[in-house]
Amino acid sequence: MANAHHSARPKGYTAVIFDLGDVLFTWSPSTPKSPLPAKVLRNILRSHHWFEYEKNNLNEEEVYALVAQEFNITPADAKGAFEAARESLQSSPTMLRIIRELRDAGLIIYAMSNISAPDWEVLRTKATPEEWGLFDRVFTSAAARERKPNIGFFRHVIEQTGVDPSRTIFVDDKLENVLSARSFGMHGVVFDNEIKVIQELKNLCYDPLARGKKYLASHKKKHVSVTSNNIELAENFGQLLILDATGDKSLVEYVKHVGQFNFFKNGGVLTTESFPNDLDTTSIGLTVADHVDIATKHEVMDEMLRYRNSDGIVQVYFDHSRPRIDPVVCVNVLTLFYENDRGHELSGTLDWIEQVLINRAYISGTYYYASADLFLYFVSRLLQTSPEVRRRLRFIFEERIMERFGAEADALSLAARIIAGTIVDLWDKRDLETLLSLQDADGAWRNGWFYKYGASGILIKNDGVTTAMAIRAIQQVRVRRKIRSNSRKTKPKNPFSSDIKQAN
């Protein structure tokens, strides 16, 4: 089968029904040859007489006479206007291309159009036989003697094709037609923007993981970070996050520091050129990269302990002249220490993180991190590392995860929220569906702000980071669903058990 990487269809759609006019074919109601204003032509198209014509209850001569009388025009002008409109008909190469891709991926393709018999004869000449061959069947209102949005037309198509409405996508430019399709259980897509509709079709019909992984591989070692004022950054931090999310070294390129890590690859950008090493990038690097030996890790941790403030909280930089604290940085340092059985040395830092979590201090993001969900994500890494911390924080962590369900967020924050929740077997179906809908046509997830300059507030994003995190979020939900499904098969259902975790 062609395009094998697209063949998996998670939601199981088997057919797509497309409208023709204003979806696969465009036309102009206003041309130099038209004797009528565009507004009059559009009003005629919405008239009862034209509806009857589209249902083959009137012939061409009859309909022109009737609409001429209704709209105070001549039959000749009506005929001339529609002949000019027919001449303007053009097929959309972009939409025909996506139809070809969908068909290659194994979907059945139908067309369903409100169109008169004479107009259909003209429309048939506006695409090649090979292009019309992309459709398993074309249904016209003239042949069915019914028209959208009447449910009789939809019933006719369903009966003739045998499609399962719940596994069928319907694409039309008119909401009333989409509404009728949805009333049968179809997934309705309102055609309002070609690029947006193609994105939605790909998200509905193709496996998001295969598409996301293909994007990451096609951009390997080129996943560059960009600031909110459009300046590219050569930095290590995003590379380490991609590696952490995927485990794939071939995708990334970072400076393999021996010991302390620096955020930047080649000196500071939009800040002092001689930028100090920081405990955050170092902690991520030492827990993700594998080129640093254990003895060196402990030497670095010894050094980190020298950068606690008077409250016992670890600071951000290996630089006493830059006294900064950030709860996410603290969490990442704690993760490094607990991974190496030294968490007890940072009890003051853990106490503060617990209060940050209890009192939702992170709700607007932190000094260096853009969102609440990113804080929860990094806490989830800590919970996975330390059973002790997991026991201590799990209850309040679960509460804070559930509070975030449905909150508006960009793709990165949604992915971070979902990953964090799956650690305690919690996630929200709406969040997952929103994340899936945000995948771009090329397979990437974009516009996820993860880091920011503390003083200026300039944000940093990396499409590779966002895509890698989204892939991991989807993977972890699938794993949890499978575990849950297997558990139900082996255990008798408790009728008194809470269904609160059944958010998926």
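**Charged pairs and the interior**

Modeller: E303 counts as partly exposed, because its relative accessibility is 23%. The cut-off for buried is under 20%. Keep in mind that this is a predicted model. The partner of E303 is R306, and their side chains meet in a salt bridge at 2.7 Å, N to O. R306 is partly exposed too, with a relative accessible area of 49%. Exposed would need over 50%.

The whole structure holds 35 salt bridges. Side chains of opposite charge can pair when their charged atoms come close.

Next, D442 and R446. Their side chains form a salt bridge, again with 2.7 Å from N to O. D442 has 39% relative accessibility and is partly exposed. R446 is partly exposed as well, at 26%.

Now a pair in another setting. R86 and D119 meet through their side chains in a salt bridge of 2.4 Å, N to O. R86 sits in helix α4, residues 75-87, and D119 in helix α6, residues 117-123, so the bridge ties together parts that are 33 residues apart in sequence. Both ends are covered. R86 is buried at 13% relative accessibility. D119 is buried at 14% relative accessible area.

R360, E399, R400 and E403 are joined in a network of salt bridges.

K202 is another charged residue to check. It belongs to helix α11, which spans residues 194-205. Its relative accessibility is 13%, so K202 counts as buried. Setting aside neighbours within four places in sequence, K202 contacts I98, E101, R211 and A441.

The largest cavity has a volume of about 50 Å³. Its lining consists of L241, Y369, L374, Y377, F378, L412, F450, V465 and M469. Helices α18 (372-385) and α22 (463-490) each give at least two of the lining residues. The largest share, three residues, comes from α18. How does the lining of the largest cavity divide by class? Nine residues are nonpolar, none is polar and none is charged.

To recap: R86 and D119 are the pair described here with R86 buried at 13% and D119 buried at 14%. For E303 the value is 23%, partly exposed, and for D442 it is 39%, also partly exposed.

Technical notes:
Residues are numbered from 1 along each chain as its sequence is written. This is a predicted model: local features need pLDDT of at least 70, side-chain atom pairs count only at pLDDT 80 or more; totals for chains, interfaces and linings use all residues. Side-chain values use heavy atoms; hydrogens and water are left out. Helices (H or I, at least four residues) and strands (E, at least two) are DSSP runs, numbered from the N terminus. Buried means under 20% relative accessible area, exposed over 50%, partly exposed in between (1.4 Å probe, protein chains only). Contact means heavy atoms within 4.5 Å. A salt bridge is a side-chain nitrogen of Lys or Arg within 4 Å of a carboxyl oxygen of Asp or Glu. On a 1 Å grid over the protein atoms alone, a cavity is a set of points where a 1.4 Å probe fits but cannot get out, and a pocket is an open set with protein on both sides within 12 Å along at least five of seven lines; lining residues have an atom within 4 Å of a point. Grid points are joined across faces, edges and corners, and a volume is the space filled by probe spheres set on the points. Ala, Val, Leu, Ile, Met, Phe, Trp, Tyr, Cys and Pro count as nonpolar, Asp, Glu, Lys and Arg as charged, and the others, Gly among them, as polar.
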